Amino acid sequence: MRTAGTAYARWIQAEPRGNIFAKLPPGADQRGSIEMSIAIAAPGNGEVSGLLDFDAVVIGAGVAGLYQLHKLRELGLRVRVFEAASGVGGTWYWNRYPGARFDSESWTYGYSFSKELLEEWNWSEHFAPQPETERYLNHVADKFDLRRDIQFDTRVVAAHYREDTRSWDIALGDGGHVSARFLITAIGILSAPTMPNIPGIGTFEGRSHHTHDWPKEGVDFAGKRVAIIGTGATAVQTIQEIAKSVGHLTVFQRTPNWCAPLNNGKISKDEMDGIRARYPDILALCRETPGCYIHSTDPRATMDATPEERIAFWEKLYASPGFGIWQGNFSDMLTDRAANALASEFIANKIRQRVHDPVVAEKLIPRNHGFGTRRVPLETRYYEVFNQPNVELVDVNETPIESVTRGGIQTSAREYPFDIIVYATGFDAISGAFDRIDIRGTGGTRLKDVWANGPQTYLGVFVAGFPNLLMTMGPHAGLGNYTRTAEYSVEWVSGVIHHATERGLTRIEATPAGVGEWTDYVLALGQGQLMNEIGSWMTGVNRNVEGKQVPRIMRYSGGHPAYRAHCDAIAAAGYRQLALA
Ligand code: NAP
């Protein structure tokens with residue numbers, strides 16, 4: 001940390017104050033060529049290294065950030081992690097709303113880098129609740145003694161690259177500044193929560209909470225008049241949980257989602273022992289599947305099966321735990337409209353069977369997108385909640401919310417009185433967490449401006465013009481089962497840093513050509529995927545955020561094994577090979 005009297009302080013004070021972020025030197029000494037996707041500069045100013053506060057700064061102490069710290073320590077680097085929260089866990093720290101839990105099998109979600117960790121941890125449910133996951137990540141932080149290099153309650157507000165020192169100046173929310181050779185973002189893809197733009201939100205006199213920013217002490221819903229806005233995966237989990245105790249619940253729905261049963265269950269000791277014994281196979285299976293889950297698509301096309309075979313197949317998936325019905329469905333379900341329509345009809349009929357009031361059932365059936373084209377919320381008796389006499393569904397397309405009042409919510413039809421309002425209104429996903437930080441590269445270029453029309457990255461890791469900035473789980477990277485994919489991302493990032501540091505190299509950057517090719521490739525790959533045609537967080541749409549109204553291709557959609565093959569080839573070629581030869 002920069003403190004008066006250190007060599008760094010003397011060096012930086014040679015700069016006029018206020019100059020650090022205001023007057024960046026021109027983007028001199030940019031090496032790289034059309035043939036190279038990543039430009040790694042020759043040793044030049046390594047003498048500055050000792051004057052920098054850290055070799056690497058990592059933003060975020062969630063699943064990716066914790067492992068990133070561990071890996072960089074193994075390389076012998078001086079690392080500091082800055083974390084806005086008071087504890088570790090990222091998503092699993094913040095999202096402590098009632099009912100928060102995994103949708104991926106617990107035993108596929110843990111880190112795999114430590115056999116000892118795998119051996120010693122017991123998951124209690126196939127889809128663990130948030131407190132258990134938070135406990136797990138705290139256990140990891142303790143086991144690997146990570147906390148001593150994490151500064152909590154500290155948000156990174158700005159990061160500006162300096163060409164003269166080939167380093168990042170990083171400004172913190174508490175007014176502090178640090179410098180580091182490498183800046184690594186581990187800021188997650190769903191970490192910038194958004195509130196709806198409804199007039200009067202601040203005037204409400206009851207309690208109100210966004211699900212992402214849930215109070216640690218919890219909220220007592222017993223007997224209360226509760227509103228929830230939103231019907232995404234978070235809302236679904238919250239609704240089915242709080243419906244057990246509320247006095248009255250009103251669900252404000254704009255777009256219904258296609259939900260399917262989670263089919264969760266406890267894990268007995270014997271079962272956990274069996275899982276432990278099968279870890280090598282489980283992890284190998286996750287490596288093979290496109291999303292790094294245990295589920296992979298059925299090779300058959302929908303129409304290859306007879307109507308009876310299709311129904312039997314879907315019934316089996318509907319009764320099975322987890323994402324099988326989404327990730328393990330017919331191979332053409334997410335590319336062929338007719339196939340998708342059949343799968344959608346199957347789920348629609350399930351909703352009709354489960355919801356008693358046919359008018360309510362029809363309102364809960366999505367009309368503007370097919371099954372699986374948005375992220376499928378997994379549920380436990382979600383649809384049955386709407387059979388409760390104390391639960392009401394309000395379609396805000398019919399009666400729009402006009403304002404939040406002191407006592408409740410005013411729609412075009414009437415005012416609803418509430419004690420508690422829950423905002424399950426989602427996130428400015430994937431690039432939103434980057435937009436919140438004033439990140440500037442060579443010549444003072446703002447990352448937010450570079451990405452104004454969508455992300456442009458090389459492998460989802462680098463951005464041209466932003467040397468020594470490395471993103472874990474960045475836009476246009478291979479995403480999926482979070483820990484599985486984050487582990488790979490961290491290892492790849494650590495590999496390239498190791499490559500540079502062991503050679504005394506001080507500047508790593510993607511070339512514009514490399515970024516252009518990767519971006520074009522990802523965009524081309526995403527064509528024809530029904531998921532990329534509909535607005536959702538997966539296509540970067542958030543109607544509450546200016547400039548994020550149109551679906552874009554935000555994720556690499558070639559499957560994680562193919563993504564790894566690209567990245568592995570680049571590493572094997574000494575980081576000098578085009579990804580898309
Ligand atoms: P989301 O899917 O983006 O849902 C936000 C909801 O709020 C949508 O229903 C949206 O409606 C609604 N909304 C936003 N602004 C509104 C407004 N002004 N008026 C009315 N409705 C409004 O966000 P999320 O539910 O938090 O889930 C995001 C992702 O987090 C999930 O898809 C999943 O990947 C992850 N997640 C994971 C787990 C897990 O692993 N178990 C659990 C929860 C979430 P529109 O659709 O009309 O915009």
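Predicted model: local features only at pLDDT ≥ 70, side-chain atom pairs only at ≥ 80, totals over all residues.
Residues are numbered from 1 along each chain as its sequence is written. Local features need pLDDT of at least 70 and side-chain atom pairs count only at pLDDT 80 or more, while totals for chains, interfaces and linings use all residues; side-chain values use heavy atoms, with hydrogens and water left out.

The chain splits into domain 1 (35–88 + 146–191 + 429–516) and domain 2 (225–423), with bounds from an automatic or database domain assignment. Their C-alpha centres sit 35 Å apart.

Here's the interface between them:

| Item | Domain 1 with domain 2 |
|---|---|
| Residues in contact (heavy atoms within 4.5 Å) | four of domain 1, five of domain 2 |
| Buried area (accessible area, 1.4 Å probe, lost on being put together, summed over both) | about 370 Å² |
| Salt bridges (side-chain nitrogen of Lys or Arg within 4 Å of a carboxyl oxygen of Asp or Glu) | zero |

Carbon and sulfur atoms account for 67% of that buried area.

As for cavities (sets of points on a 1 Å grid over the protein atoms alone where a 1.4 Å probe fits but cannot get out), the structure holds two of 30 Å³ or more.

Definitions and conventions
Buried area = accessible area lost by both parts, 1.4 Å probe. 1 Å grid on protein atoms, 1.4 Å probe; cavity = no way out; pocket = protein on both sides within 12 Å on 5 of 7 lines; lining within 4 Å. Points joined across faces, edges and corners; volume = space filled by probe spheres on them.
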